[in-house]
Amino acid sequence: MHDLAQQIVSGLATGSIFASLALALVLIYRSMGVINFAQGEMAMFTTYVAWQLVQIGMPMWAAFLLTVIVAFVGGVALERIVIRPVERASALSVVIVTLGLFIALNGLAGWIWGFVVKPFPTPFPTTPLQIGGAGFSAQDVGVIVVSLATLALMSLFFQKTKLGLAMRAAALYPEQSRVLGIRVGWMLALGWGLAAVVGAISGIMIAPVVLLDPNMMQTEIVYAFAAAVLGGIESPVGAVVGGLILGVAINLLGTYVEAIGNELRLAAALAIIVLVLIVRPAGLFGRVAVQRV
Amino acid sequence: MIRSVSTAAVVSAAFALTVTAGTLTTGRAADVPGVTPTEIVLGGDHPFSGPASAYGAIGKGIGVYFDYVNDHGGVYGRKIKWIDLDDGYNPPQAVQVVHQLVEQDHVFAIFDSLGTEVNTAIRPYLNQNKIPQLFVATGASKWGNDYKQYPWTIGWQPDYQAEAILYAQDILKNHPHAKIGVLYQNDDYGQDYITGLKRGLGKHADMIVKMASYETTDPNVSSQVATLKASGADTYMIFATPKFAIQGMVAAAQQSWHPTTYLNNVSNAIPYMKAAAKVGGPSAVNGIITTIYLKDPANHARYAGDPAMKQYREMMTKYLPSADQDDGNYLYGVAIAYTMVDVLKKAGKDLTREKVIDAATHLNEPNNPWAYPGVVIRTSPGFRFPITQMITAKWLASDWSPTGILVDTRSMTEAEK
Amino acid sequence: MLGPAFAVAVIAVLPWVVPSFIVFDLIYVAAYAIGILGLVILTGMNGQISLGHGAFMALGGYTVAILAHAMGWPYWAGVPLAALASGLLGVVVGLVALRLAGIYLALATYSLAIATPSFLKHYKSITGGFGGISLDQLTPPAWIPLGPQHFVYYVAWAIAGIAFLASAFVVRGRFGRALRALRDQPIAAVSFGINPYVYKTLAFAWSAVLAGVAGALFAVATAYVSPDTFSLALSITLLVGAVLGGIATFWGALVGAAIVEFLPLVAQQINNGAPGVVYGVALIVVMLFVPDGIAGGLHRIAARARRRTPEIALESGGPVSAVAVNQPTRE
């Protein structure tokens, strides 16, 4: 059935978008235990930076590289300046500050670059590809490949490098880590920097498909949250798998389930978030945690 | 809670202070509010924040044209003061902003308010207080239809139903055995198009084999497009706002589906077509049919020698140098501001609100520099759709090529009543 | 009692001294104050973070609108029903929220807020879909010598007064102490026999009731409801108002309401091009420098003025830091 194959393939393509953003969310959560509501806007902002660099004539790859560096520095700076004062205070303070960042970055991007939708350059060719009668693009493949590569690098980093281990220690056992000489504050900043990098990469990969505008990430980020929760908010593998499953699921639900139809796709995704959080908060790949009252 | 008077006093004082901080000095109302010997005050509310912020550029474009007019003598020696506030595309905020414009800034009229929900919310207040709600920026048909109940309100752009009827007629004429698949945004905007399409097809409405809606919260529309393709449709209607329209074109190309495609004019600006071509390849856009009623500032080739376009660029460079001149929203603003000034002039030196509404409902403007050549902006007291003419155009390689002649949808719109 | 009396006097007098459009804005301040009070109780006193209270406002607003429009119910009958409907939904959501905490709850309620406009558009036969529902203006009965706008103003603030009084009654004594205990030392609280399921759900339900009333007021003041009236921005505005005003005090709700109503207008004066930037930056700055919110900060100023050490806010609800406790362990 062409239709079903197409829905699945399109779902995988869409899902890979969710997956790449979800990776950034997971990274922040692992390093700090907070959910960064501004993640999408940070990614969007760095994508605009990339766009601007290309506009002034920089070759694409150089622009992307520079953007990634800028993202890292920006993420670290944000953590040190804006988050650090409140990270000890409470979950609520962090939520409000990240929301403030969200609003400010969105407004700033709109102010600098306007709100008109813009195309974004892509290194991939545009000829459509086919598998089993279902069409997709090289860009879609690119997003999946880059997400998987990012995932692999992240896993390697956290499992195998001293720095990665230090970051994990700082997140889970800050006091003990300090005793061991780990600069906990800078580990957290590093976490934000890396998450910003993953977000920037995600934005650059996604923008050719969803098109560049200041609001481009606002709905994607919700699906990314759903993907992260589904896969397990602490698990990078979960983020990718969760994203792909979510992409396919909402396509199939939206197309074949009348009650949901096209109108309640988002609601379906969100119902998934809530259901997972209730039934198995650790998600598919997370470790089950002891819940306090 | 609070146990000491001093804290309560401080808090109450802070409360009152916060409130007063939002208070600005109250102006004095003139005999005709908003009109003095030297000034006409017009109020606008546009989305400068929130999801619809792209349309804020319209308000800015209006400001540019008013600046130009003010520098060239104004209207009977009066300069136009344009107060344009952010309503976030949110009805309660719009209502509050309009109250402020009317009661604090004493505007003469509200001009180019944007969005169906916003305009529905402010319409009762304005009409009750006999304040003109001029040239609202939305194509929903109710703005022309409801005038008996709301005589102070009038629209401007061609209404969506008439546009869809045009497409229906084109299909009946050129593709009489078409199987139509419709991609539409799930709100009043998309719904109006569908109503128009069905009316235009008349007893052939069963040519529509599948309709697929999307929400503005959907990540993309490839699933909907797949559904339409699978239905066997060979004609594809895209009733979508720019971002989703582009995705709709691209998805069709990526799924190797090449139907006869009709695109609503809200999304036909050249930069959008180029974006679709960039992502989906030329097959995503070639041959697409749309309607046009304004000039496209991004079409450098067609309007290279056009004096109106030259004037537009000069005005934009002078009064809003940082703006992207190719953004059609600015041009829309300039064009609609031209009509506004035209109406102010026709209302005469002795300006009142009644006269302005009278002028707006007896409009005959054949020479709006930024409307498509031949378009005459016309109204009568019983017919309040100022722009009813459109021309179909087809996308060939790099721009829109007009096909056929300018069609007046006036008779189709009349039939709605 | 002097404090509240002073506030009542100020509110009673304001319509006669400020411009008319400000009076109109103040009607919305009353509505916000009620909604934000709900979060003061739920989040400030009980530690449950909700980014989704706009959904309860939507239910309240649409209930009043549908009853008035489709069944001709007068507003004074519709508002209590709106409160009830929201309360019931609050119980349901509260039960779900029992399984979540901290950031997870924030995320789940964020999702609820985003989904609300979609739901409203989907059930268009009841809600009127994207066109919304237009309502009649609330006009005073002949025997009240007030203009319509002043009438709505006093009605709104009277309802706010009732809401505040009722809430003070609800959280006094045992109930309030239980809520705070569950926020600060949940394990100890449970071992003392406080049933967390009951109290936490009730806190959620009460905050939903308040939000429902706020939504009903929105509907009446605007004389219109539509899906985009109750978007994510509204939910965020409520929480922002609570935090900026002073998350754990009733006064904070009042101050926060004034802030969220007037800050966007002030931001526009500063920079018409980017009201969002000013708003976002203001949020961050306040959180960094005045984490107790404005009312909390003022409380400390006043206390210092009287040269009293600010009592480590045990009674007045505790500063924001206490909310940190309610997070799942990451073992």
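**View 1. Overall build of chain A.** In this predicted model, 61% of the 293 residues of chain A count as buried (20 or more other C-beta atoms within 10 Å of the residue's own; exposed is 12 or fewer, partly exposed in between; C-beta atoms placed from the backbone). Local features need pLDDT of at least 70 and side-chain atom pairs count only at pLDDT 80 or more, while totals for chains, interfaces and linings use all residues. Residues are numbered from 1 along each chain as its sequence is written, and chains are lettered from A and ligands numbered from 1 in the order in which they are written. Chain A holds eleven helices and two strands (DSSP runs numbered from the N terminus: helices H or I of at least four residues, strands E of at least two). Their order from the N terminus is α-α-α-α-β-β-α-α-α-α-α-α-α. The C-alpha trace spans about 60 × 50 × 35 Å along its principal axes. Of the contacts in chain A with a separation of 6 or more, 75% join residues 24 or more positions apart (contact: C-beta atoms, placed from the backbone, within 7 Å).

**View 2. The side of chain B that touches chain A.** Chain B brings 36 residues to this contact and chain A 37 residues. On the chain B side, β8 (208-214), α8 (222-230), α9 (242-254) and α10 (270-280) each supply at least two residues.

**View 3. The two domains of chain B.** Domain 1 covers 21-158 + 302-386 and domain 2 covers 160-292, with bounds from an automatic or database domain assignment. Their centres, taken over C-alpha atoms, are 31 Å apart. Nine residues of domain 1 of chain B and ten residues of domain 2 of chain B form the contact between them.

**View 4. Helix α1 of chain C.** This helix (residues 2-17) has 16 residues and reaches 22 Å from its first C-alpha to its last, close to the 22 Å expected at 1.5 Å a residue (1.5 Å times one less than the number of residues). Its buried residues are G3(C), A7(C), I11(C) and P15(C).

**View 5. The largest nonpolar core.** Among its 376 residues, A226(A), L183(B), A156(C) and V213(C) touch the most other members (core: buried Ala, Val, Leu, Ile, Met, Phe, Trp, Tyr and Cys residues joined through C-beta atoms within 7 Å). Helix α2 (residues 20-45) of chain C gives the most to this core, 20 residues. Leaving aside residues up to four places away in sequence, A156(C) touches I27(C), A30(C), A31(C), L217(C) and A221(C).

Technical notes
Two residues are in contact if their C-beta atoms, placed from the backbone, lie within 7 Å.
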